[in-house]
Amino acid sequence: LLTTAFFYIPAVWAGEAFSPYTEQDRREIKALSKEEVDGYLSGDGMGFAKTAELNHYPGPSHVLELAGQLRLSDEQRKRTQVIFERMKSQATSLGKQLVEKEQLLDSRFAAGTISNAELERLVTEISVIQGKLRAVHLRAHLAQRVVLTQDQIRLYDSLRGHEQPRADDGHGH
């Protein structure tokens, strides 16, 4: 409480209003940070496949990073590279579309020209793109899992710091 007061009270005395959106009004796209824009445009995972990753479905990007430790065969490495490149290409394309739609939505609000119909259309288009983007990343994890052996998947999980299910946790993998 004292720490909060230490930082909050001087700001109030200085006449500054506290806002969780401080500095965000200066962004090119208000709803997205620079890191998010960069992530979308470069096809990064951005947590889209977390449910796969944390349920023992390795991601191709990390498999390639850990190829030596996982002792990938040449065939496994080639298949993983194909999965990764397909995912990256699709994710980059969808990410670009998403950023463009977010830019358009932001510009319409900034200009004060957005209608209810356009708002509904843009938000729906953005959500559909987000869904497709997530599916691209999840499909890559699904495809990657069949390339690896169970021992490699266990090692991958260990190298990535994911807890393995215990024999008595009811999962019985």
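A residue is taken as buried when its relative accessible area is under 20%, as exposed when that area is over 50%, and as partly exposed in between. The structure described here is a predicted model. With a relative accessibility of 36%, D44 therefore falls in the partly exposed class.

D44 takes part in a salt bridge. Side chains of opposite charge can pair when their charged atoms come close. In this model the number of salt bridges comes to 9. One of them joins the side chains of K88 and D44, with an N to O distance of 3.4 Å. This pair connects distant parts of the chain, since K88 belongs to helix 6 and D44 to the loop between helix 2 (34-42) and helix 3, 44 residues apart. K88, at 25% relative accessibility, is likewise partly exposed.

A further salt bridge is formed by the side chains of E53 and R160, at 3.0 Å from N to O. Here too distant parts of the chain are linked: E53 lies in helix 3, R160 lies in the segment after helix 8 (150-159), and 107 residues separate the two. E53 has a relative accessible area of 8% and is therefore buried, whereas R160, at 32% relative accessibility, is partly exposed.

The salt bridge between E118 and R121 has its closest N and O atoms 3.6 Å apart. Both residues are in helix 7, and because they are 3 residues apart, about one helical turn lies between them. E118 is buried, its relative accessible area being 13%, while R121, with a value of 38%, is partly exposed. Salt bridges with shared partners bring E118 and R121 into one network with K101, R108 and E125.

Helix 8, the helix that precedes the segment holding R160, has Q152, I153, Y156 and D157 as its buried residues. Viewed down the helix axis, these residues fall within an arc of 140 degrees, so one face of helix 8 is lined by them. The buried residues of helix 8 pack against helix 3, helix 4, helix 5 (67-70), helix 6 and helix 7. Helix 8 is followed by G161, which has a positive phi, near 80 degrees.

Q152 is also among the contacts of Q76, a residue of helix 6. With residues up to four places away in sequence left out, Q76 touches R71, V147, L148, T149 and Q152. The relative accessibility of Q76 is 11%, so this residue counts as buried.

Empty space in the model was also examined. Rolling a probe the size of a water molecule over the atoms shows where empty space is left. The second largest pocket has a volume of about 280 Å³. Its lining consists of 19 residues, and those nearest the pocket centre are G45, M46, H62, H137 and H141. Two or more lining residues come from each of helix 3 (50-53), helix 4 (60-65), helix 6 (74-111) and helix 7 (116-145). By residue class, the lining of the second largest pocket comprises 6 nonpolar, 8 polar and 5 charged residues.

Terms used: Residues numbered from 1 in each chain as written. Predicted model: local features only at pLDDT ≥ 70, side-chain atom pairs only at ≥ 80, totals over all residues. Heavy atoms only, no water. 1 Å grid on protein atoms, 1.4 Å probe; cavity = no way out; pocket = protein on both sides within 12 Å on 5 of 7 lines; lining within 4 Å. Points joined across faces, edges and corners; volume = space filled by probe spheres on them. Helix = DSSP H or I, 4+ residues; strand = E, 2+ residues; numbered from the N terminus. Nonpolar A, V, L, I, M, F, W, Y, C, P; charged D, E, K, R; others polar. Buried < 20%, exposed > 50% of the residue type's maximum accessible area, 1.4 Å probe, protein only. Contact = heavy atoms within 4.5 Å. Salt bridge = Lys/Arg side-chain N within 4 Å of Asp/Glu carboxyl O. Arc of directions from axis to C-beta.
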